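Here is a briefing on surface patches, aromatic pairs and charges over rings. The sequence and structure come first.

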Amino acid sequence: MPYLIDGHNLIPNIAGLNLGDPDDEMKLIQHLQVFSRQVRTKIEVYFDQAPPGQTRTQRFGRVWATFVSQDKTADLAIKARLTSLGGAAKNWTVVSSDHEVIREAERHQAQVLSSQDFAGRMGDQEKQAEDTSGDKWNPSLSSSEIKYWMERFQRDDS
């Protein structure tokens, strides 16, 4: 299920991220890229207060980031996106802890996750990826196996 995310609402809930960091948005996008690859879904994240001339939507793999102009808010952009989705909004999950955004998501029958719950889900997914990374096949050979194959390859069969 794809996600609509209130970016600045999520940042304080991700370990190591801080709204005071000038690169906080790009750091969140990097976290979301990893998560979206792991769960194989599309993510749309919205950020308030884009500097003049920086209003845009940009794709980062499965993550689409919308930087909303200073005269609007991410909340309004998320509400507009839900409206544009129409009946398909029920197939999306909205991530926010803002009560107005949550009410709008529920009105459109979208699923809702608080920013804290989504951050926990992201952390669980990262931990699961770390836990399984040690289970990968290790193609290294023992010294006796190397000796065996070296003897086979060096043998002159003619």
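Tyr148, Trp149 and Phe153 make up a nonpolar surface patch with about 380 Å² of accessible area together. This is a predicted model: local features need pLDDT of at least 70, side-chain atom pairs count only at pLDDT 80 or more, and totals for chains, interfaces and linings use all residues. Residues are numbered from 1 along each chain as its sequence is written, and side-chain values use heavy atoms, with hydrogens and water left out.

**Surface patch**
- Patch residues have over 30% relative accessible area and no salt bridge; like charges are joined within 9 Å, nonpolar side chains (Val, Leu, Ile, Met, Phe, Trp, Tyr) within 5 Å.
- A salt bridge puts a side-chain nitrogen of Lys or Arg within 4 Å of a carboxyl oxygen of Asp or Glu.
- Areas are Shrake-Rupley values with a 1.4 Å probe; for residues, only the protein chains shown count as cover.
- Tyr148 belongs to helix H6 (residues 143-154); helices are DSSP runs (H or I, at least four residues), numbered from the N terminus.
- Tyr148 is partly exposed, at 38% relative accessible area (buried is under 20%, exposed over 50%, partly exposed in between).

**Aromatic pairs**
- The whole structure holds four aromatic pairs (ring centres within 6.5 Å; stacked under 30 degrees, edge-to-face over 60, the rest tilted; Trp by its six-membered ring).
- Phe35 and Phe118 pair edge-to-face, at 5.1 Å centre to centre and 75° between the planes.
- This pair links helix H2 (residues 24-39) and helix H5 (residues 115-133), with Phe35 and Phe118 83 residues apart.

**Charges over rings**
- Arg56 lies over the face of Phe67, 4.4 Å from the ring centre (cut-offs: NZ of Lys or CZ of Arg within 6 Å of the centre and within 35 degrees of the ring normal).
- Arg81 places its charged end over the ring of Trp92, 5.3 Å from the centre.

Definitions and conventions. Helices (H or I, at least four residues) and strands (E, at least two) are DSSP runs, numbered from the N terminus. Buried means under 20% relative accessible area, exposed over 50%, partly exposed in between (1.4 Å probe, protein chains only).
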